[in-house]
Amino acid sequence: MGRGTLRRTLVWTHRWVGLTVGLVFTIVCVSGSALLFQETYWEWAHGDLTPSGMSEAVGSIDRWIENAKAAQPDLGNPVAVWPPGVEHNLSDAGMLIFGGLEPGGLGNMGFAAVLVAPASGEVLGVVDVDRSPAYAPLFLHRDLWTGQTGRVVSGIMAVGSIFLLAVGVYLWWPARTRLARKLLGRPWSATLTRSRPMHDWVGIWTSVALLVLTVTGLALVQPGWVEPVIEGAAGPSDTSPPEALAT
């Protein structure tokens with residue numbers, strides 16, 4: 001295959017792969033931006049479960065677990081215990097996650113979140129995580145509201161995006177004498193008013209950030225696809241369990 005034929009093939013492939021994965025990529029980007037406001041969604045959906053002026057001091061975790069298990073007696077032991085205001089717990093209460101509900105809704109995970117007063121361990125309420133609007137942006141971003149199927153689609157989208165970045169950089173790469181001109185987007189009148197120069201200029205300057213976001217996103221939704229590469233580069237990960245939440 002000659003260089004000209006190869007380039008035409010890559011241009012066609014880049015365009016149609018981009019159109020194919022672009023819709024999913026847009027949904028992931030928009031929902032990822034919505035995650036910045038997830039605390040607001042939580043307050044709107046479940047703010048009535050956490051009274052104002054509640055003590056932030058963490059009391060007995062054993063009491064948390066005992067009371068939460070009494071509130072959900074058919075779900076066994078909690079699979080996670082989170083203090084207030086951490087990454088996965090947007091409330092001012094303690095949160096204990098139980099598995100065993102009927103999967104469905106937006107999350108398809110079957111999780112129940114029991115909220116407890118941090119100091120006393122008093123149960124404040126129970127949230128069906130799959131059907132909670134507070135988690136809707138997260139489930140849309142991670143698995144497109146379709147559970148494992150959505151994760152596979154997101155994983156394919158991420159692999160396609162990595163391919164697009166590699167092909168795009170190859171197609172963009174100019175002769176050495178034109179490298180500075182293409183990097184700086186000159187002449188600006190053409191770069192800012194025509195779609196192709198703008199696409200090339202924005203694409204090359206954001207390619208590293210897009211690659212990092214895509215690879216890390218792929219590791220989140222399909223870690224099994226990425227772990228062999230990470231272990232090959234950095235060695236096996238530490239699989240020791242995290243320290244328990246202090247009592």
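This report describes salt bridges, surface patches, backbone angles and selected residues in a predicted model.

## Salt bridges

The structure contains 3 salt bridges. Side chains of opposite charge can pair when their charged atoms come close.

One of the salt bridges joins the side chains of arginine 196 and aspartate 200, with an N to O distance of 3.4 Å. Both residues belong to helix H8, which covers residues 195-221. They are 4 residues apart, about one turn of the helix. Arginine 196 is exposed, because its relative accessibility of 54% is over the 50% cut-off. Aspartate 200 has a relative accessible area of 17% and is therefore buried, the limit being under 20%.

Another salt bridge links the side chains of aspartate 128 and arginine 131, at 3.0 Å from N to O. Here aspartate 128 is partly exposed, with a relative accessible area of 27%. Arginine 131 is also partly exposed, at 42%.

Aspartate 143 and arginine 142 meet through their side chains in a salt bridge of 3.2 Å, N to O. Both aspartate 143 and arginine 142 are buried.

## The loop between H4 and H5

Helix H4 spans residues 136-143 and helix H5 spans residues 148-172. Leucine 144 lies in the loop between these two helices, and tryptophan 145 is found in the loop between H4 and H5 as well.

Most residues other than glycine have a negative phi. Leucine 144 has a positive phi, near 55°, and is not a glycine. Tryptophan 145 is likewise not a glycine, and its phi is positive at about 65°.

In terms of accessibility, leucine 144 is buried, with a relative accessible area of 18%. Tryptophan 145 has a relative accessibility of 38% and so counts as partly exposed, the class between 20% and 50%.

## Helix H5 and the nonpolar patch

A nonpolar patch on the surface is formed by Val152, Ile156, Val159 and Trp225. Together these residues have about 340 Å² of accessible area. Helix H5 gives the most to this patch, with 3 residues.

Valine 159 is one of the patch residues and lies in helix H5. Its relative accessible area is 41%, so valine 159 is partly exposed. Valine 167 is also found in helix H5, but valine 167 counts as buried, at 7% relative accessibility. The C-alpha atoms of valine 167 and valine 212 are separated by 16 Å. Along the chain, valine 167 and valine 212 are 45 residues apart.

## The negative patch

Five acidic residues, Glu39, Glu43, Asp48, Glu56 and Asp92, gather on the surface in a patch of negative charge. Among them, glutamate 39 is placed in helix H2, which covers residues 38-46. With a relative accessible area of 55%, glutamate 39 is over the 50% cut-off and is therefore exposed.

## The loop between S1 and S2

Strand S1 covers residues 80-82 and strand S2 covers residues 94-99. Serine 91 is found in the loop between these two strands. Serine 91 counts as buried, at 2% relative accessibility. Its side chain makes a polar contact of 2.8 Å with the side chain of asparagine 89.

Alanine 93 is placed in the loop between S1 and S2. Alanine 93 has a relative accessibility of 0% and so counts as buried. The C-alpha atoms of alanine 93 and tryptophan 82 are 9.0 Å apart. In the chain, alanine 93 and tryptophan 82 are 11 residues apart.

Note on methods:
Residues numbered from 1 in each chain as written. Predicted model: local features only at pLDDT ≥ 70, side-chain atom pairs only at ≥ 80, totals over all residues. Heavy atoms only, no water. Patch = residues over 30% accessible without salt bridge, like charges linked within 9 Å, V, L, I, M, F, W, Y side chains within 5 Å. Areas by Shrake-Rupley, 256 points an atom, 1.4 Å probe, with all protein chains shown as cover. Salt bridge = Lys/Arg side-chain N within 4 Å of Asp/Glu carboxyl O. Lys, Arg positive; Asp, Glu negative; His and termini not counted. Charge placed at Lys NZ, Arg CZ, Asp CG, Glu CD. Buried < 20%, exposed > 50% of the residue type's maximum accessible area, 1.4 Å probe, protein only. Polar contact = N/O pair within 3.5 Å; in protein donor to acceptor, adjacent residues only side chain to side chain.
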